[in-house]
Amino acid sequence: MNPYIVANESRFLEELFALLRIPSVSADAKFADHVHTAADWVKDALLKAGATHAEVCQTPGYPIVYGETIVDPALPTVLVYGHYDVQPADPIELWTSPPFEPVVKDGKIYARGSSDDKGQMFMHIKALEVMMQTTGLPCNVKFMIEGEEEVGSANLGWFVAQNVERLKADVILISDTAILSNENPSITVGLRGLSYMEVEVTGPNRDLHSGIYGGAVGNPINVLCNMISQLVDQDGKITIPGFYDKVEDVSVEERTEMAKAPFDEAEFARDLGVDGLAGETGYSAHERVSIRPTLDVNGIWGGYTGEGSKTVIASKAYAKISMRLVPHQDSAEISQLFQKHFESIAPDSVKVKVGYHHGGQPAVTPTDSVAYKAAAMAFEEAWGKTPIPMREGGSIPIVALFERELGLKSVLMGFGLNSDAIHSPNEHYGIFNYLKGIETIPLFFKHYAELSK
Ligand code: BES
Ligand code: MN
Ligand code: MN
């Protein structure tokens with residue numbers, strides 16, 4: 001381990017804890033002040049670490065923190081992207097310690113955002129400090145840290161388009177994904193896209209007594225459940241016409257390569273406490289969560305959910321439904337196909353409204369680039385292992401956006417674990433992963449500078 005990191009380990013942890021104490025939940029307006037506080041905090045941290053310039057850039061939504069240290073215009077420039085906003089902590093009662101009061105248990109930092117993405121984003125700020133205080137920067141660095149990732153990055157496209165010159169770089173570096181395990185580090189080479197929809201089903205013009213009317217009217221909740229159950233068939237195939245038209249056929253060679261990754265299905269199930277897995281016929285769990293598109297209900301509500309019972313047929317029922325997309329599927333087109341199909345399967349007894357929340361395009365990143373090689377060499381040096389290229393199931397919509405707007409590819413050098421419980425109660429991040437990340441990032445800079453010569 002780099003001696004500077006060893007000497008400063010406890011301060012690096014304390015500083016991260018201070019950021020984790022700011023409840024910067026972007027989805028809930030009650031936390032708006034805290035989201036702004038987190039942006040200011042990140043700006044100050046950049047300056048303290050050695051950024052020669054940092055500012056909080058206002059947008060119509062939450063600000064984007066920009067920072068840079070340009071050492072020599074002749075050197076390559078790395079643009080670091082991350083996010084300082086976090087998911088809501090609910091359901092709060094399932095946390096074993098308060099979500100915004102970080103505690104260390106068994107070598108892991110428990111707090112909302114510890115892994116996604118404050119802990120991983122802050123590694124880059126500390127890596128800047130490490131480089132400034134030891135070797136000096138082998139590349140120029142720019143930072144773009146946003147506060148709306150968890151709600152769809154609505155203002156990021158606008159910001160990027162406004163700042164094409166300022167964001168000029170040679171590569172984008174992101175730590176907002178996971179490795180396979182601490183024994184088997186991996187580099188993410190693909191992310192799924194997303195279409196996030198909300199549906200409203202309306203039946204009778206008011207809530208009804210379920211005895212007086214039950215049986216003769218379409219119950220919106222029953223109808224909604226029935227409609228949802230038609231969206232995926234017995235083989236786990238999505239039934240929306242046209243849904244698979246553009247889905248990339250992954251070659252037999254690539255699937256064979258994927259099957260070599262040490263993805264343990266039994267361990268995967270055991271960790272989740274389930275006796276069996278589910279999904280599309282003909283694909284492994286690893287394939288189902290990475291190279292295949294999916295449809296999931298994320299929330300469903302309506303009717304009486306209070307204490308005791310109430311005999312009622314509710315007037316309305318709702319659901320939030322998201323689809324994960326794979327290369328060549330287009331998020332806007334899939335959202336339209338969903339809307340058309342959902343409207344077409346609604347019976348006359350109800351009216352449906354289909355709304356769109358947000359989405360993002362899928363992305364794949366090359367493994368034959370200088371940047372990928374530099375990342376692989378950094379892992380080899382710090383972890384003593386060659387990282388495995390892996391596609392992941394999550395979405396980071398800005399990866400495709402950067403490619404379109406800035407013509408830049410990203411390197412997805414994440415250090416989390418899928419078991420970190422991101423978006424879930426008791427999110428945590430290994431101290432090992434945090435410090436190892438701070439060690440690996442400067443090595444990426446070093447190898448990237450050398451390979452770019
Ligand atoms: N960091 C995650 C994405 C991620 C996690 C990718 C793990 C790969 C592995 C990111 O913060 C996230 O949660 N993205 C959202 C999409 C967004 C549009 C709300 C997602 O994937 O649900
Ligand atoms: Mn994230
Ligand atoms: Mn997230």
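Predicted model: local features only at pLDDT ≥ 70, side-chain atom pairs only at ≥ 80, totals over all residues.

Q: How many residues are around ligand 1, and which come nearest?
A: There are 17 around ligand 1, and the nearest are Glu 149, Asp 176, Arg 324, Ser 395 and His 423.

Q: OK, helices. How do helix 10 and helix 12 pack?
A: Helix 10 covers residues 370–383 and helix 12 covers residues 431–452. Their axes are 7 Å apart, at an angle of about 135 degrees.

Q: Why do helix 10 and helix 12 count as oblique?
A: Roughly antiparallel would take an angle over 145 degrees. The angle here is about 135 degrees, so helix 10 and helix 12 are oblique to each other.

Q: Is the crossing of helix 10 and helix 12 left-handed or right-handed?
A: Right-handed.

Q: Which residues of helix 10 and helix 12 meet?
A: Quite a list. From helix 10 they include Val 370, Met 377, Phe 379 and Trp 383, and from helix 12 they include Phe 432, Leu 443, Phe 444 and Tyr 448. Charged residues take part too, among them Lys 373 and Glu 381 in helix 10 and Lys 436 and Glu 439 in helix 12. By class, the contact of helix 10 with helix 12 has 14 nonpolar, three polar and five charged residues.

Q: Over to the other end of the numbering. How do helix 1 and helix 3 sit?
A: Helix 1 (residues 3–20) packs on helix 3 (residues 118–133) at an angle of about 140 degrees, with the axes 11 Å apart. Helix 1 and helix 3 are therefore oblique to each other, and their crossing is right-handed.

Q: Who makes that contact?
A: On helix 1, Tyr 4, Ile 5, Arg 11, Phe 12, Glu 15, Leu 16, Leu 19 and Leu 20. On helix 3, the residues include Met 121, Phe 122, Lys 126, Glu 129 and Val 130. The contact of helix 1 with helix 3 divides into nine nonpolar, two polar and five charged residues.

Q: And helix 2 against helix 3, what's the geometry?
A: Helix 2 is residues 32–49; its axis comes within 8 Å of the helix 3 axis, and they cross at roughly 20 degrees. That makes helix 2 roughly parallel to helix 3. This crossing is left-handed.

Q: What's in the contact between helix 2 and helix 3?
A: Helix 2 brings Trp 41, Val 42, Ala 45, Leu 46 and Ala 49, while helix 3 brings Met 121, Phe 122, Ile 125, Leu 128, Glu 129 and Met 132. That contact has ten nonpolar residues, no polar ones and one charged.

Q: Now the backbone. Which peptide bond has omega near 0 degrees?
A: The one from Asp 116 to Asp 117, which is cis. Asp 117 is in the loop between strand 5 (108–110) and helix 3.

Q: What about the bond from Asp 90 to Pro 91, cis or trans?
A: Cis, with omega near -5 degrees. Pro 91 lies in the loop between strand 3 (77–83) and strand 4 (103–105).

Q: And what's the phi of Asp 106?
A: Positive, about 50 degrees, although Asp 106 is not a glycine. Asp 106 lies in the loop between strand 4 and strand 5.

Note on methods:
Residues numbered from 1 in each chain as written. Chains lettered and ligands numbered in written order. Heavy atoms only, no water. Axes fitted to C-alpha atoms, helices over the stretch in contact; angles between N-to-C directions. Helix = DSSP H or I, 4+ residues; strand = E, 2+ residues; numbered from the N terminus. Parallel < 35°, antiparallel > 145°, perpendicular 65-115°, else oblique. Left-handed = near helix turned anticlockwise from the far one by under 90°. Contact = heavy atoms within 4.5 Å. Near = heavy atom within 4 Å.
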